[in-house]
Amino acid sequence: MNNLDSSILSLVTFIPAAGALLLMLIPRRDRDIRIFALIISLLTFCLSLYLPAYFHRTQVGFHYEVNQQWVTSPNIHYHMGLDGISLWLVLLTTFLTPLCVLISWKSIHERVKEFFILLLVLETAMIGVFLALDLFLFYFFWESTLIPMALLIGVYGHGRKIYAAVKFFLFTMIASVFMLAALLWLYAKTGSFDFVTIQNAIHSGRVPGFEAAAPWLFLGFFVAFAVKVPLFPLHTWLPDAHVEAPTAGSVLLAGVMLKMGTYGMLRFNLGLFPEQSRSNAPWIMILALIGIIYGALVAMVQPNMKKVIAYSSVSHLGFVVLGIFSFTQAGLDGAMFVMLAHGVATGGLFMLAGILYERKHTYEIKDMGGLATPMPTYATFFLVVVLASVGLPLLNGFVGEFLVLAGAFQNRPVYGILGATGVIWSACYLLWMYQRVFYGKVTHPENNSLPDLDAREQLALWPAVIAAVVMGVAPLLWLNIIDPAVATALVPFAQVASKVVGQ
Amino acid sequence: MTGPLMILALLSAVGGFIPVEHFLEPVFGHGEVAAAAETASASLETTLKFVSVGVAGLGIFLAWLLYYKHRDLPQKIADSLGSFYQTVAHKYYIDEIYAALFVKPLVEGSTDILWHGVDQGVIDAAVNDSAVGARHASDAARHMQSGNLRSYAGWVAAGGAVVIAYMIWMGVAR
């Protein structure tokens, strides 16, 4: 037992927020503010490396738990804990935030201080979502991600930024009200917001009226998460939010915030309502399949680079939902891995799109063309990240998609077959976009003078590229920790199956 | 690019002399290689060698004839063959057929039906219309608050009438 064990989760969660507080006191010298934000985000990342380093794979349940009374009445606890499911999502967050600081170095000129304060507050809220084990605390962090993100889009975005920010806010806000209602019902019946307590109460059948309410509770949680994922047909806020958001906002939105939805499904829908999850799985999987194919087809015809990437997220997150509701070990392992791989690859794609925007002030594909000639290094980085996103073997996209498809196939072959077409579609839209942007002759003469990547931009991109390769070559480093946690999450499903067989 | 090409050219000329017979032994084992060697007799191997070199030589000769010696010859051949030449030159129009059959319907269908139709026309429109509807409803309700005392008195009277009517109705129902 290490001294840090009891405080590490609080440190990782709140150091960015403390940094944001300190940032308020620093005078408005933009350079100092950027450096300070970078140091804080790097410090958080380094601290978060403690989590996998001292993680005991054999230990069942939550690690580094903190559980203290926060409010006496109502009975709210500051209960944080980490398992193999949340571990890598926390690391993904702390990994992407320093890259976001680097990529925003020059593109943000005005209200620099407020920008980095919002970014750090957002980091705290996102980490909190993955660590909170008290449902009220979870809801608190869940909603507090909305405010900094809506401000990032609305203040620092471009084009119809207010429209996009309001749309983003309303979609996710309205949906999470249903989750709040479900939370309050559970509290009213169990007298506790604690995840583990409620889970035990439900599994031992000690919650009065649960049988009748469960389908609605399941839907309450599910709607909140499905909008966040986003699952077809609740996805239309995503392309708008992405196109207008500043680069760092897009990276964190696609890289981390979408995974809050799939994480929620895995933790709460499957964890609290196994029987409802199973009975609702068919239509959810069909929506996920529609999302995979529909998202890919719409991505293919977008004239705007960021919209291509945004719709590709709809498609890729469809894979995650498909894997989760296959209730197979492979499917859930794959879903977890796609979450991480998509965070790295799509984060990289948005950074690359942002770099181009700084030079051209547009995302329209028709204004590009032949860019590999003036920007060879940029084109190389872009190709690696595109191939990672497409799911080329030895890069990170392949492992997760393969596992998800294996799981879906086990569940029902036609799901696996339809899902597998998604892999082909993703090659279609991403490689076609790559061809139109980079290959051939330079179609607009002004593009001849575009400068290639500078050292800072390369510094922001290298970690993403290295992560994409390492995750593709050695996925077991990640899966070894994911696997036991997923197996634990699947235990109730084995019981449900045996119940069905027993009848 | 000349450097790599030179290496490849050199290898394609003399690569055959590199002794690689034992290269695949770890995979196929000795027995199968020996068996394969027995079936393909030595004379057949020699014949095939000469045929392939001959075909390559013929190709080089034809290229020299058509594109170096008589440069007008390719055009004449093309003219004399007519539509057959056109078909072959366009690779039997496979690309065009594919584009018309698959690419165009897919791209246009995705644009017109899925993106503009479903995404913008149905889902987004429903969301935006609900916002517009809420605004219209609120706008209508807003006019109740006119600042006009007589109209307020009217609203109070109307409210009172509704309450009385409700109480009477409840009494009758009981």
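A:Pro230 is found in the loop between helix 10 and helix 11 of chain A. In this predicted model, the peptide bond that leads from A:Val229 into A:Pro230 is cis, with omega near -10°. A:Pro233 lies in the loop between helix 10 and helix 11 of chain A as well, and the bond from A:Phe232 to A:Pro233 is also cis, with omega near 0°. Most peptide bonds are trans, and most residues other than glycine have a negative phi.

A:Arg111, which is not a glycine, has a positive phi near 50°, and its place is in the loop between helix 4 and helix 5 (112-131) of chain A. A:Leu394 has a positive phi of about 80° although it is not a glycine; this residue sits in the loop between helix 16 (376-390) and helix 17 (396-411) of chain A. Are these residues buried or exposed? A:Arg111 is partly exposed because 14 other C-beta atoms lie within 10 Å. A:Leu394 has 12 other C-beta atoms within 10 Å and is therefore exposed, given that a residue with 12 or fewer counts as exposed.

| Feature | Value |
|---|---|
| Peptide bond A:Val229 to A:Pro230, cis | omega near -10° |
| Peptide bond A:Phe232 to A:Pro233, cis | omega near 0° |
| A:Arg111, positive phi | phi near 50° |
| A:Leu394, positive phi | phi about 80° |

The secondary structure of chain A amounts to 20 helices and two strands. Strand 1 (residues 63-71) and strand 2 (residues 76-82) of chain A run antiparallel and are joined by six bridges. One bridge pairs A:Gln69 with A:His77 in strand 2 of chain A. The two strands form a hairpin, with four residues between them.

Helix 4 of chain A is mostly covered, with 20 of its 20 residues buried.

Across their boundary, 43 residues of domain 1 of chain A are in contact with 44 residues of domain 2 of chain A. Which elements give two or more residues to the side of domain 1 that touches domain 2? They are helix 4 (84-103), helix 10 (210-228), helix 11 (237-244) and helix 12 (247-272) of chain A. Helix 12 of chain A gives the largest share of that side, eleven residues. By class, the side of domain 1 that touches domain 2 divides into 30 nonpolar, nine polar and four charged residues.

Chain A also meets chain B: seven residues of chain A are in contact with nine residues of chain B. The side of chain A that touches chain B has six nonpolar residues, one polar residue and no charged residues.

As a whole, the C-alpha trace of chain A spans about 70 × 55 × 40 Å along its principal axes. A compact globule of 503 residues would have a radius of gyration near 23 Å; chain A has 22 Å, so the two agree. Of the 503 residues of chain A, 56% count as buried. Among contacts in chain A between residues at least 6 apart in sequence, 81% join residues at least 24 apart.

Notes
Residues numbered from 1 in each chain as written. Chains lettered and ligands numbered in written order. Predicted model: local features only at pLDDT ≥ 70, side-chain atom pairs only at ≥ 80, totals over all residues. Contact = placed C-beta atoms within 7 Å. Nonpolar A, V, L, I, M, F, W, Y, C, P; charged D, E, K, R; others polar. Pairing = 2+ DSSP bridges. Rg over C-alpha atoms; globule rule 2.2 N^0.38 Å.
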